Amino acid sequence: MKTKNRVCRRWSRRLLFLSVILLGALISSYAQGSLLFKVIELPEQNTTVENVLKAISEKGGFAFTYTDELPLNREVFLEAKSQTVKGFLNELFPNREFKFVDRGNKIIIVPRDIKNFIIPTQTIKGRVLDVDSKLPLNGVNIVFEIAGKTYGTVSDAKGDFRFKKSPVGRANIWFSYMGYSPRVFTNIMIASGKEIVMDVEMVESAYELSEVIISPTSFHKSEPVNDLAMVSTRKISSLEMDNFAGAIADISRAAYSFPGVIINNDGQNHLIIRGNSPKGVLWRLEGVEIPNLNHFAEIGSSGGGIGIISNTMIANSDFFTSAFPAEYGNALSGVFDLNMRKGNTDKHEQTFQLGLLGTEFMAEGPIKKEGGSSYIAQYRYNTLQLATNLFGIEMPSIPRFQDLSFKLHLPSQKMGVFSIFGISGWSHEDGEFTDYIWKSKMSTIGISNTYSISPKTYIKSVAAFSIWKYKYDRYENFNVGTFDQTRYHHDFLVKDQVAKISVILNHKLSANHKFKTGLIIENNSYLTDLRYRVDPVSNPALE
């Protein structure tokens with residue numbers, strides 16, 4: 001028995017010794033791997049919290065991340081010593097009001113009381129309508145997914161839905177409703193500075209059911225807005241514009257990413273669609289044909305230097321590359337059928353964007369909250385020209401442009417939904433090596449009304465007036481250095497004015513069949529003015 005006790009005590013001491021060694025190794029490994037236990041040396045100093053954090057960051061070779069609640073300007077006194085990073089942080093915040101977490105090559109400083117820690121959130125809201133009747137859909141199931149978490153809601157009697165206090169980041173939203181094809185919007189960027197407002201139209205579907213089979217279903221986020229488009233059509237929205245590489249907030253450049261679409265000049269956004277001429281692309285806005293929607297547009301072209309409409313103003317729109325429905329009668333190559341989004345109906349918002357090409361300001365908000373009316377307006381100015389005006393930077397031959405767009409959304413109780421919209425763009429360029437002045441201008445203003453006659457029928461009427469103006473002045477000198485020196489002045493002016501009225505009647509015969517007819521009345525006036533002038537130029541050196 002004594003022998004057994006001695007053996008047990010001997011093995012107990014060995015196990016205890018091994019445990020101490022393993023625990024010490026574990027602590028040593030953790031101390032070497034954790035930034036908080038990294039030992040640094042700081043000199044004696046009487047300074048601010050911000051300067052101490054900078055010194056620790058430089059000595060340790062890592063970065064700090066913290067909230068606005070951190071008292072960076074508070075003065076502290078540190079004695080010269082060598083200790084761990086956590087020790088210095090405990091001296092900076094002796095009240096233990098913050099906690100420290102190391103993640104990768106940075107230390108995150110957050111308030112210990114999570115209630116005081118402000119997490120940025122945003123609101124996502126919108127309305128769900130039937131695509132044929134334009135009436136709201138009640139009880140649509142809406143699933144919102146972001147950061148691995150899923151939220152759900154349903155639309156109310158007016159078709160409205162809302163997600164409050166959503167985390168920021170990229171999200172996916174699914175819409176499903178009994179008897180309708182599902183809709184999905186993926187990779188939507190939720191930012192803290194602006195609410196997300198969505199108008200979703202769902203298409204009724206009919207199926208002959210024999211049995212119930214539960215299986216995964218693929219959602220088509222590129223399903224077009226125009227349900228008469230069968231093939232070769234892609235939906236474009238402002239929520240997806242920023243995801244296209246090289247788009248630089250230009251809807252035409254975003255279309256470069258689609259199959260069958262190429263360009264022949266990186267300096268312009270002319271589209272070659274399936275080998276067809278860029279001149280055959282048709283532009284439509286709010287249901288009516290409009291002139292070329294680009295700055296620095298040339299005669300007969302459909303492209304230019306950069307688009308006039310900003311991506312922040314675009315609602316769900318369609319881009320056709322072939323197989324155009326009958327309503328696009330003037331299209332030969334492709335169609336941009338654009339819709340402008342309505343403003344926020346709950347609160348006023350302002351957005352400022354500064355980019356290499358343009359600096360823009362946008363404002364939106366409710367006109368009358370009870371009626372659901374809203375406004376949205378946007379103005380953009382060339383950033384390079386703005387820098388020249390503000391700082392006096394000399395830049396020869398700077399292409400100058402500016403544009404303005406707006407939309408008023410005015411629902412009524414008995415007469416349907418009215419909209420007043422407008423867009424205008426001005427561009428100007430002076431020659432650097434040759435004497436020329438190139439100006440172009442495009443403007444469109446219109447009013448539309450969508451009236452639901454019955455749950456299966458609606459009528460949409462649009463009246464618009466558009467003007468497109470092109471002016472090119474060129475100066476050339478001939479016989480320079482002789483007594484016959486002359487200066488030729490070429491003055492070329494083209495102006496196109498169009499007044500249009502469009503009426504469309506849409507009737508749903510069944511879930512799979514519909515009847516759509518319309519009428520377009522157009523009054524077009526075209527002016528071309530070409531002038532040459534010869535000005536004798538005196539040469540004092542030869543007199």
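Good morning. Gln122 is buried, at a relative accessible area of 6%; by buried I mean under 20% relative accessible area, by exposed over 50%, and by partly exposed anything in between, with a 1.4 Å probe and protein chains only. The model is predicted, so local features need pLDDT of at least 70 and side-chain atom pairs count only at pLDDT 80 or more, while totals for chains, interfaces and linings use all residues. Residues are numbered from 1 along each chain as its sequence is written, and side-chain values use heavy atoms, with hydrogens and water left out.

Let me stay with this residue. Gln122 belongs to strand S8; helices (H or I, at least four residues) and strands (E, at least two) are DSSP runs, numbered from the N terminus. What surrounds Gln122, if neighbours within four places in sequence are set aside? Its contacts are Phe163, Lys164, Lys165, Ser166, Ile190, Ala191, Ser192, Gly193, Lys194 and Glu195, where contact means heavy atoms within 4.5 Å. With Lys164, 42 residues apart along the chain, the C-alpha separation is 6.7 Å. The Gln122 side chain also reaches the backbone oxygen of Lys194 at 3.1 Å.

S8, residues 121–130, pairs with S14 in the parallel sense over 7 bridges. Lys125 has Val197 of S14 as its bridge partner.

In the loop between S8 and strand S9 (141–146) we find Ser133. Ser133 is buried, with a relative accessible area of 2%. Residues up to four places away in sequence aside, Ser133 touches Ser452, Ser454, Pro455, Lys456 and Tyr458.

Next, the cores. A nonpolar core is a set of buried Ala, Val, Leu, Ile, Met, Phe, Trp, Tyr and Cys residues joined through side-chain atoms within 4.5 Å. The largest one has 41 residues, of which Ile251, Trp283, Leu293, Ile309, Phe319, Phe336 and Leu338 touch the most other members. Elements that each supply at least two of its residues include helix H5 (251–254), strand S18 (281–285) and strand S30 (457–478). S30 gives the largest share, 4 residues. Apart from this core lies another, of 23 residues, among them Val52, Leu53, Ile56 and Phe98.

That brings me to helix H2. Why does the end-to-end distance of H2 agree with expectation? Its 12 residues, 49–60, should span 16 Å at 1.5 Å a residue, and its end C-alpha atoms are 16 Å apart; the expected span is 1.5 Å times one less than the number of residues. Buried in H2 are Val49, Val52, Leu53, Ala55, Ile56, Ser57 and Gly60. Their cover includes strand S1 (39–42), strand S4 (75–78) and helix H3 (85–92). Gly61 follows H2, with a positive phi near 75°.

Finally, Trp426 lies in strand S28. Trp426 counts as partly exposed, at 31% relative accessibility. Thank you.

Definitions and conventions
Pairing = 2+ DSSP bridges. Polar contact = N/O pair within 3.5 Å; in protein donor to acceptor, adjacent residues only side chain to side chain.
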